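User: I would like to learn how to read the features of a protein model, one at a time. Could you walk me through this one?

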Amino acid sequence: MENVLVTGAAGFIGFHLSKRLLSDRIKVTGFDNLNSYYDVSLKESRLAVLKENDSFSFVKASLEDREAIEQLFNNESFDVVVHLAAQAGVRYSIENPHVYASSNVMGFLNILEGCRFSKVEHLVFASSSSVYGANRAMPFSVHHNVDHPLSLYAATKKSNELMAHVYASLYEIPVTGLRFFTVYGPWGRPDMAYYSFTRAIFEGEPIEVYNEGNMKRDFTYINDIVDGMVMVINKIPSGSSSWNAEEPDLGTSQFPYRIYNIGNNKPVALLKFINILEKEIGKPAKKKMLPMQPGDVEETYADIADIQRDVGFSPTTSIKDGLKQFVKWYKEYYKI
């Protein structure tokens with residue numbers, strides 16, 4: 001692995017992964033459209049850090065721009081593509097459905113075509129824990145059926161998994177999908193609850209706590225996520241010789257395709273999470289209790305047995321230590 005394309009490099013996970021790859025002396029091409037879904041200046045600050053390394057180059061364009069994607073793959077020969085760019089957000093997808101179809105479906109098709117014609121050695125792409133939708137069997141397993149999404153965002157991520165499998169079967173492109181579970185940490189996304197809670201607590205504003213706080217999330221610290229991603233990147237999948245077409249295993253395939261959950265495997269109650277955050281900030285939160293929002297789920301809990309077995313992934317950061325690092329960064333970045 002010498003030359004890697006990271007789409008969504010100005011995003012939260014893309015930034016941290018790019019930074020890690022650069023520290024390992026790997027050439028990274030970052031791709032992002034720097035859209036205004038959240039604070040563009042934060043994305044630009046992340047990019048500024050990456051651009052300090054001479055092994056990083058950046059392309060500003062949109063996933064749905066077919067010509068730009070074709071030119072990207074024509075200009076470089078990538079060993080690995082890590083596709084993290086997408087229109088994020090469950091609630092936002094309810095108000096802006098067409099954006100999700102354009103970016104997450106058509107955009108992913110453009111990436112798949114680029115990988116097809118340039119013969120990329122491994123495509124790793126971001127799926128999401130939201131694909132589990134109405135499932136209630138805990139912990140969520142990649143071997144469970146995920147045909148009941150509760151948001152358009154989740155549906156686009158499920159479609160990405162299906163599209164990737166098609167390209168693995170037709171063109172033998174090794175593909176691995178990662179279902180992320182509530183990633184948090186420094187340089188995070190302002191639209192995520194922990195980030196908006198922190199801002200509100202510092203500013204003395206109320207925080208919106210959905211479902212009266214009766215939620216659990218498998219919060220996963222960014223450093224653990226990046227460690228797991230690097231392990232997965234280096235584990236190129238092959239078809240399973242034991243795959244049975246009469247009793248198909250949903251998490252594997254006869255083709256070079258794998259799906260993994262990547263999470264902490266330790267769900268935390270939302271009110272406990274808020275309590276830890278209050279202690280780290282040193283101020284109590286003003287809580288505004290609200291009902292469950294459309295498209296949301298009460299609990300996420302990752303079964304990570306497959307990724308543990310195959311690559312040795314084992315998250316180690318506690319929620320207390322992770323939030324401590326986030327609050328420290330937040331205070332430094334916003335000069336509080």
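Analyst: Happy to. Let us start with a charged pair: Arg66 forms a salt bridge with Glu70, and their closest N and O atoms are 3.3 Å apart. A salt bridge here means a side-chain nitrogen of Lys or Arg within 4 Å of a carboxyl oxygen of Asp or Glu. This is a predicted model, in which local features need pLDDT of at least 70 and side-chain atom pairs count only at pLDDT 80 or more, while totals for chains, interfaces and linings use all residues. Residues are numbered from 1 along each chain as its sequence is written, and side-chain values use heavy atoms, with hydrogens and water left out.

User: Where do Arg66 and Glu70 lie?

Analyst: Helices (H or I, at least four residues) and strands (E, at least two) are DSSP runs, numbered from the N terminus. Both Arg66 and Glu70 belong to helix H3 (residues 66-75), four residues apart, about one turn of the helix.

User: How do I read whether such residues are buried or exposed?

Analyst: By relative accessible area: under 20% is buried, over 50% is exposed, and in between is partly exposed (1.4 Å probe, protein chains only). Arg66 has 56% relative accessibility, so it counts as exposed. Glu70, at 41%, counts as partly exposed.

User: How many salt bridges does the structure hold?

Analyst: There are 15 salt bridges. Elsewhere, salt bridges that share partners join Arg258, Asp306, Arg309 and Asp310 into one network.

User: Which salt bridge links distant parts of the chain?

Analyst: Look at Arg20 and Asp227, whose side chains meet at 2.7 Å, N to O. Arg20 is in helix H1 (residues 12-23) and Asp227 in helix H8, 207 residues apart. Arg20 is partly exposed at 26% relative accessible area, and Asp227 is also partly exposed at 32%.

User: What about the nonpolar interior?

Analyst: A nonpolar core is a set of buried Ala, Val, Leu, Ile, Met, Phe, Trp, Tyr and Cys residues joined through side-chain atoms within 4.5 Å. The largest one here has 99 residues, and those touching the most other members are Ile13, Leu17, Phe73, Val81, Leu84, Phe180 and Met229. Helix H8 (residues 222-233) gives the most to this core, with seven residues.

User: Which residues does Ile13 touch?

Analyst: Contact means heavy atoms within 4.5 Å. Leaving out residues up to four places away in sequence, Ile13 touches Leu84, Phe180, Val183, Ile222, Ile225 and Met229. With sequence neighbours up to four places away not counted, Leu112 touches Leu123, Met163, Ala164, Tyr167 and Ile173.

User: Which residues form a nonpolar patch on the surface?

Analyst: Patches are made of residues with over 30% relative accessible area and no salt bridge; like charges are joined within 9 Å, and nonpolar side chains (Val, Leu, Ile, Met, Phe, Trp, Tyr) within 5 Å. Areas come from the Shrake-Rupley method with a 1.4 Å probe, and for residues only the protein chains shown count as cover. In this model Val166, Leu170 and Tyr171 form such a patch, with about 270 Å² of accessible area together. Val166 is in helix H6 (residues 152-171) and is partly exposed at 38% relative accessibility.

User: How do I read a pair of aromatic rings?

Analyst: Rings of Phe, Tyr and Trp (its six-membered ring) pair if their centres lie within 6.5 Å; planes under 30 degrees apart count as stacked, over 60 as edge-to-face and the rest as tilted. The structure holds 31 aromatic pairs. For Trp329 and Tyr330, the ring centres are 6.5 Å apart and the planes are at 75 degrees, so this pair is edge-to-face. Trp329 is buried at 8%, and Tyr330 is buried at 4%.
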